[in-house]
Amino acid sequence: MKRCNQLWLAFGGCILTYVAWALLGTDSLLLCAIILFPFIINHSFTICVFFILFSYFRLHEAFPILMPLHIPLLLATFSIAGLCIHLWLKRDEIHWHSLQTFFLLFSFWVFISCLLATNRAEAFATFNNSFIKIIIMVFAISWLPTKQKQLKPIPILLILCGVSLSLLALYNRINGIGLVEGTRVTIGRDIGSILGDPNDLSLALLFPLSFALTNIFQGSKAQRTMTALFMIILVSGIIATQSRGGLLGITSAFFTLMLLRSRSIVIPSIISGIGLILLVVFAGISDRSSGGSGEEGIDESSMGRLFAWEAAFRMALANPLSGVGLDNFYFNYFFYSTHWDGKNHAVHSTWFQILGETGFIGFLLFICLLVGTFTLSYRLLNRLRNHEMKPIAEGLWIGLITFCVSGTFLTQGTTWPLYILISLLIALDRLTSNVTTAHSISAQ
């Protein structure tokens with residue numbers, strides 16, 4: 001049986017296991033789990049990847065028909081089971097990476113911020129429902145893959161999921177479904193989905209865009225044409241959100257790609273500057289009811305963001321060690337903002353989110369984690385410049401740059417993007433540790 005067929009069979013088997021449990025009870029689940037045990041062992045990484053796709057892109061919320069199946073819970077269960085079994089069977093082959101140390105230190109301080117949070121219930125709800133999954137999956141993605149070829153499907157899976165969301169977003173835009181402020185597109189807003197926030201939706205689409213840009217130079221002419229089409233769809237979806245962070249992310253992604261393909265910084269800078277202006281025009285940000293040229297209030301305007309950032313800084317000054325706690329910025333806005341317009345606001349900045357919610361120590365640990373990630377990504381970029389894994393290394397580098405730039409306006413310090421990047425970088429570094437810059441594809 002072909003490897004691809006085995007992977008789909010394993011994934012389908014997991015789905016059938018859960019359906020059997022839902023319909024027939026726990027005895028059937030136990031029986032199916034025993035039957036599928038070999039597949040769980042052999043394809044744990046694939047199951048883990050699908051869990052990441054569902055969690056990051058919120059596919060079950062974008063397509064509500066999937067919600068009754070509770071697929072993320074199913075995949076998480078099998079992923080954790082597979083990780084535990086692999087740790088037990090391969091305990092002598094586990095390689096600890098220095099970046100994992102930085103990650104654990106930051107995660108530990110996030111936990112401390114929850115203990116000292118002003119609203120512990122909200123902090124621990126976010127930690128238990130979201131961040132703890134990120135912690136587990138960072139190690140799962142880092143350790144489960146055993147061969148380089150296991151990483152190769154990840155870019156195309158990310159691209160396909162991103163394109164699916166983009167098409168759905170464009171459909172909603174054309175039909176006026178779930179629009180915010182009359183013009184900004186969302187997905188699943190009526191069911192309270194994370195994608196119901198235009199900024200979060202643009203963030204979800206930026207990550208696959210990074211891989212689409214690098215893959216546009218790979219494969220046959222037909223493959224490159226298809227990837228270019230996917231790239232256009234992704235860019236269109238981000239533009240439809242009218243997110244400033246999304247537009248900055250697009251610009252930085254193209255700028256970084258041009259730098260990788262050009263020895264000059266002048267031409268990429270000029271092209272990116274013109275491109276950003278055109279994106280702002282096409283996105284119609286000036287027509288937004290918040291932050292647009294016709295705005296009378298400050299609810300989501302540039303001044304509104306400045307007030308929110310100031311509030312985050314004041315939170316850190318008042319609580320220098322631990323901040324106000326994970327996911328507690330919104331609930332503390334009233335107490336630390338110098339301008340109150342009748343409602344709380346989100347911080348809309350990764351940097352100020354970390355500063356306000358985890359304090360100066362958490363911010364320092366986050367910066368150390370980010371510096372270590374940049375160092376590893378740059379090292380892989382140079383090491384794999386003539387290697388078959390080069391597209392993945394470039395996609396991760398562009399994704400990291402995009403994360404930092406878009407993070408100015410998007411709150412993503414304790415969500416999936418950065419941590420998926422970190423785990424993939426660690427896995428790629430481990431699987432290509434014997435590769436030097438002198439190696440070429442033909443030498444593999």
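Tutor: Let's start with a pair of helices: α16 and α17 cross in a left-handed way, meaning that the near helix is turned anticlockwise from the far one by less than a right angle (clockwise would be right-handed). Before we go on, this is a predicted model, so local features need pLDDT of at least 70 and side-chain atom pairs count only at pLDDT 80 or more, while totals for chains, interfaces and linings use all residues. Residues are numbered from 1 along each chain as its sequence is written, and side-chain values use heavy atoms, leaving out hydrogens and water.

Back to our pair. Helix α17 covers residues 390-406, and its axis comes within 11 Å of the axis of α16, crossing at roughly 155°. (Axes are lines fitted to C-alpha atoms, for helices over the stretch in contact, with angles from 0 to 180 degrees between N-to-C directions.) That makes α16 and α17 roughly antiparallel, the word for angles over 145 degrees.

Who does the touching? On the α16 side you'll find Thr 350, Trp 351, Phe 366, Leu 370, Thr 373, Phe 374, Ser 377, Tyr 378, Leu 380 and Leu 381. Facing them from α17 are Ala 393, Glu 394, Leu 396, Trp 397, Leu 400, Ile 401, Phe 403 and Cys 404. Contact here means heavy atoms within 4.5 Å. Sorted by class, the α16 and α17 contact has 14 nonpolar, 3 polar and 1 charged residues. (Ala, Val, Leu, Ile, Met, Phe, Trp, Tyr, Cys and Pro are nonpolar, Asp, Glu, Lys and Arg charged, and the others, Gly among them, polar.)

Now look at what else α16 packs against. Helix α16 runs over residues 350-383, and it meets helix α18, residues 416-431, at an angle of about 45° with the axes 10 Å apart. That angle makes α16 oblique to α18, and their crossing is left-handed. From α16, the contact uses residues including Phe 366, Leu 369, Leu 370, Thr 373, Leu 376 and Arg 383; from α18, Leu 418, Tyr 419, Ile 422 and Asp 429 are among them. The α16 and α18 contact divides into 11 nonpolar, 2 polar and 3 charged residues.

Of its 444 residues, 52% count as buried, that is, under 20% relative accessible area with a 1.4 Å probe and protein chains only, against over 50% for exposed and partly exposed in between. Among contacts with a separation of 6 or more, 73% join residues 24 or more positions apart.

Phe 45 is buried, at 5% relative accessibility. In sequence, Phe 45 and Pro 145 are 100 residues apart, yet their C-alpha atoms are 6.0 Å apart in space. Beyond residues up to four places away in sequence, Phe 45 touches Ile 141, Leu 144, Pro 145, Gln 150, Leu 151 and Ile 154. Ser 44 also lies in α4, and it's buried too, with a relative accessible area of 1%.

Technical notes. Helix = DSSP H or I, 4+ residues; strand = E, 2+ residues; numbered from the N terminus. Parallel < 35°, antiparallel > 145°, perpendicular 65-115°, else oblique.
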